[in-house]
Amino acid sequence: MSGDTQKECSSAVSDSNEVSDSKPDSPAGGPEALSKRQRKRLAKAQQWEEQRDLRKQKRKERKQKKREERNTQGDEGAEFTNRKRQRREAEPSSLRLVVDCSFDSLMVLKDVRKLHKQIQRCYAENRRAAHPVQFYLTSLGGQLKQNMDERDKGWVNWKDISVKLEHFQEVMRKEDLVYLTSDSSNVLKELDESKAYIIGGLVDHNHHKGITFERAQELGIDHAQLPLGDFVKMNSRKVLAVNHVFEIMLAYLEKRDWRDAFFTVLPQRKGAVPMDEEGLDSDEDTPPKHTDQEEEEGSSDGHSAEPIKRKDGDAQDQSDGKQKKTDTSVSQSEDKPQEQTAA
């Protein structure tokens, strides 16, 4: 075959390829022909579907490989296995801890969000506790529920928690209820695991002081306070957040010792020291320091060792001034008799 003939054949083949490329992929009477980019996308999608089982198999192999690596890591692997075993061997307690969410209308949105974070912490701590309690949220609604729905949609899948729209009195027997409030004259010595202990779900920064005690009296139910003042001296506000009270109760169920429970949970920034180790140089008149983190967590009414009588630093300054004047008058009265005696 001559060179001219070969050129004519090659040109014919190229022309036929161009014609085949221009033919529509769709059936006659169907939509317009797909572009080259669309055909590539379609091919990739088909390939992705065809390789679905292969990808699944590879994921299984990667998980198996990680599992084998953990088992061959020595001490670290043993520690991980022990943690898993401890969770499985947790002994649930029959004690009920209830967060009363009926104070929703008394909080601004900022404090509602703080309460939401505290409830999340309670849930997480209870899930990994040695003796998890029967956790209840009651009277859930309003701003709090809306905030939970918007910011943590997965809360509806929480396990080992009972979420109720009703008030706790409609869910539990009246004789089983004990409201935790610092204004109570009753101090908890032991926990009765047949009881349901109520924690006021309120972040109010003492704007509604004593409201949980009033609520307990209105409902005619038992009330008590944690024995914080018997074991702990703090340099900051003696008001605990909802999650702190919750965690202290969990710690007591594990340790059966209030002092150990308090010092396992209380934040270091609160300057908590044991009552029997309190230094002689401690200044009781030093005003408490409010930290930014403390403001972020917020405080709930009814969880202090004693009611807080001073509302701001001015009252402290005035009391200091009165004390100084009293000391001066006393010293003068003591000097006068000495002068008369000397005369």
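Predicted model: local features only at pLDDT ≥ 70, side-chain atom pairs only at ≥ 80, totals over all residues.
Guide: Residues are numbered from 1 along each chain as its sequence is written, and side-chain values use heavy atoms, with hydrogens and water left out.

Visitor: Why is S185 called exposed?

Guide: Buried means under 20% relative accessible area, exposed over 50%, and partly exposed in between (1.4 Å probe, protein chains only). S185 has 67% relative accessibility, so it counts as exposed. You'll find S185 in the loop between strand 4 (177-180) and strand 5 (196-200).

Visitor: And what makes R62 partly exposed?

Guide: R62 sits at 49% relative accessibility, so partly exposed is its label. R62 belongs to helix 3 (residues 52-71).

Visitor: How do you know that W258 and F262 are stacked?

Guide: Rings of Phe, Tyr and Trp (its six-membered ring) pair if their centres lie within 6.5 Å; planes under 30 degrees apart count as stacked, over 60 as edge-to-face and the rest as tilted. The ring centres of W258 and F262 are 5.8 Å apart and their planes are at 25°, so this pair is stacked. Both residues lie in helix 11, four residues apart.

Visitor: Why is the pair of F231 and F262 called tilted, then?

Guide: Its centres are 6.2 Å apart with 45° between the planes, so the angle falls into the remaining class, tilted.

Visitor: What makes F262 buried?

Guide: Its relative accessible area is 0%, so F262 counts as buried.

Methods. Helix = DSSP H or I, 4+ residues; strand = E, 2+ residues; numbered from the N terminus.
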